[in-house]
Amino acid sequence: MRVTGKESLLGSLGATIRGLFGRHERTVAELYRRGFVDLDALVESLADLHPERVLEIGCGEGAMTSRLARSFPEARITAIDLTPKLGRLYEGDPARVEFRCESVEALAGAAASTFDLVLLCDVLHHIP
């Protein structure tokens, strides 16, 4: 797993609170998130796809990225977010994922990459 990009000054009250749960942080975060979105069902709905390159916009600390890595074992994944803690809770092969602390505009302006699958989920509530 490689983390690139500029450091962000954005902090997250949610991340701070979740961190107080220590070793139970991942479980608490998953339970809370399920009240709003079912990431497992979303990934399951994509099962017929076979992307080689995946872009996840707003990857946060890596909950969806972990699922994508498990569901698409041959794919290379680029995961972007503005949080400086991106990918912190990612579970999977670190060689297949690149976490980048940058906006989608910056990625689009600088990268000539193409992606077979682009995902934006559990993010819109963060947009002012």
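Predicted model: local features only at pLDDT ≥ 70, side-chain atom pairs only at ≥ 80, totals over all residues.

Modeller: Residues are numbered from 1 along each chain as its sequence is written, and side-chain values use heavy atoms, with hydrogens and water left out.

Colleague: Why is Tyr 90 called buried?

Modeller: Buried means under 20% relative accessible area, exposed over 50%, and partly exposed in between, with a 1.4 Å probe and protein chains only. Tyr 90 has 10% relative accessibility, so Tyr 90 counts as buried. Phe 99 has 0% and therefore counts as buried.

Colleague: What makes Tyr 90 and Phe 99 an aromatic pair?

Modeller: Rings of Phe, Tyr and Trp (its six-membered ring) pair if their centres lie within 6.5 Å; planes under 30 degrees apart are stacked, over 60 edge-to-face, and the rest tilted. The whole structure holds one aromatic pair. Its rings, those of Tyr 90 and Phe 99, lie 5.5 Å apart centre to centre with 70° between the planes, which is edge-to-face.

Colleague: How do you know that the buried residues of α2 line one face of the helix?

Modeller: Helices (H or I, at least four residues) and strands (E, at least two) are DSSP runs, numbered from the N terminus. In α2, residues 25-34, the buried residues are Glu 25, Ala 29, Glu 30 and Arg 33. Seen down the axis, they fall within an arc of 125°, so they line one face; the arc is that of the directions from the helix axis to the C-beta atoms. Leu 31 and Arg 34, on the other side of α2, are exposed.

Colleague: Why is α4 described as largely enclosed?

Modeller: Helix α4 spans residues 63-71, and seven of its nine residues are buried, so the rest of the structure largely encloses it. Among these buried residues are Met 64, Arg 67 and Leu 68. The elements they pack against (contact means heavy atoms within 4.5 Å) include α2, α3 and β2.

Colleague: What makes the lining of the largest cavity mainly charged or mainly nonpolar?

Modeller: Asp, Glu, Lys and Arg count as charged; Ala, Val, Leu, Ile, Met, Phe, Trp, Tyr, Cys and Pro as nonpolar; and the others, Gly among them, as polar. The lining has six charged residues, two nonpolar and no polar. Three of its residues, the largest share, come from α2.
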